[in-house]
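Here is a short briefing for a first look at this chain. Please keep the sequence and the 3D view at hand while reading.

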Amino acid sequence: MSNVITGSDCYIAADATVPPGSADGDAETVIGDDARIRSGTVIYTSVRIGDGFRTGHNALVRADTDIGDDVLVGTRTVVDGQATIGSHVSLQTGVYVPQKTEIGDNVFLGPHAVVTNDPFPIRSGSRIEPTTIEDHVSIGGNATVLPGVTVGEGSFVAAGAVVTEDVPRETLAVGVPATHRPLPAELRGGNRIA
């Protein structure tokens, strides 16, 4: 694990892969204090992770990703690199986060939620349109957020919704394609992810 810097009280399973730096030896992977990296997980080079990081089994975090404090990357979740993830974020089982996605603080992505970044995959060449998920957003299980969309602060995306356009802050997005509704009182006030 050369070029890997870990903080205190870190557990990295014997069959997890935290690779050494790049061939030129300059790149470092940094993992903060109190990390728990479970079996089958792969963390690439040039990843920077804060304190209190947790993974499920077989999670993947690719290169050039920045992750804040107290983040869960669930079982079989993929963070496909060059992403920015804030603090107090919960990515549940099977979540997909593509390149250049920006996720704020206190964000929840339910099981098998999918964020996308290529509006015309394979058809007209790759044209990355990054997606932004602002602070205190909740995205339900099996929801899909299309490329270039911003999900505004405090919004709630219902399970199974397909988000095709920006979601204003503190809005409920439901359906296929998702329509916007006022955020019910019981969903206001932001997330409390410990």
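Is Glu 129 buried, partly exposed or exposed? Glu 129 counts as partly exposed, because its relative accessibility is 25%, and buried would mean under 20%. This is a predicted model. The points below cover its sheet, its salt bridges, a charged patch and some backbone details.

**The sheet**
- Eight strands make up an open sheet with parallel pairing. Their order is β1-β3-β6-β9-β12-β15-β18-β21.
- The edges are β1 (4–6) and β21 (150–151). Each has a single partner strand, so one side of each is left without a neighbour in the sheet.
- Three bridges join β1 to strand β3 (residues 29–31) in the parallel sense. Val 4 has Thr 29 in β3 as its bridge partner.
- Strands of a sheet pair through backbone hydrogen bonds.

**Salt bridges**
- The count of salt bridges is seven.
- One of them joins the side chains of Asp 9 and Arg 36, at 3.2 Å from N to O. Asp 9 sits in the loop between β1 and β2 (11–12), and Arg 36 in strand β4 (residues 36–37), so the pair ties together parts that are 27 residues apart in sequence.
- Asp 9 is exposed, with a relative accessible area of 53%.
- A network of salt bridges links Asp 9, Asp 34, Arg 36 and Arg 54.
- Glu 129 meets Arg 127 in a salt bridge, at 2.7 Å from N to O. Arg 127 is partly exposed, with a relative accessible area of 42%.
- Glu 153 and Arg 169 form another salt bridge, with their closest N and O atoms 3.6 Å apart. Glu 153 is in the loop between β21 and β22 (156–157), and Arg 169 in the loop between β23 (162–163) and β24, so parts 16 residues apart in sequence are tied together.
- Glu 153 is partly exposed, at 31% relative accessible area.

**A negative patch**
- Asp 33, Asp 51, Asp 69 and Asp 70 form a negative surface patch.
- Asp 70 belongs to the loop between β9 (66–67) and β10 (71–73). Its relative accessibility is 33%, so Asp 70 counts as partly exposed.

**Backbone details**
- Val 176 and Pro 177 are joined by a cis peptide bond, with omega about -15 degrees. Pro 177 lies in the loop between β24 (171–174) and β25 (179–182).
- Arg 76 is not a glycine, yet its phi is positive, about 55 degrees. The loop between β10 and β11 (78–79) holds Arg 76. Arg 76 is exposed, at 51% relative accessible area.
- Lys 100 also has a positive phi, about 70 degrees, although it is not a glycine. Its place is the loop between β14 (96–97) and β15 (102–103). Lys 100 is partly exposed, with a relative accessible area of 40%.

Note on methods:
Residues are numbered from 1 along each chain as its sequence is written. This is a predicted model: local features need pLDDT of at least 70, side-chain atom pairs count only at pLDDT 80 or more; totals for chains, interfaces and linings use all residues. Side-chain values use heavy atoms; hydrogens and water are left out. Patches are made of residues with over 30% relative accessible area and no salt bridge: like charges are joined within 9 Å, nonpolar side chains (Val, Leu, Ile, Met, Phe, Trp, Tyr) within 5 Å. Accessible areas come from the Shrake-Rupley method with a 1.4 Å probe; for residues, only the protein chains shown count as cover. A salt bridge is a side-chain nitrogen of Lys or Arg within 4 Å of a carboxyl oxygen of Asp or Glu. Lys and Arg count as positive and Asp and Glu as negative; His and the chain ends are not counted. The place of a charge is taken as NZ of Lys, CZ of Arg, CG of Asp or CD of Glu. Helices (H or I, at least four residues) and strands (E, at least two) are DSSP runs, numbered from the N terminus. Buried means under 20% relative accessible area, exposed over 50%, partly exposed in between (1.4 Å probe, protein chains only). Two strands pair if DSSP finds at least two bridges between them.
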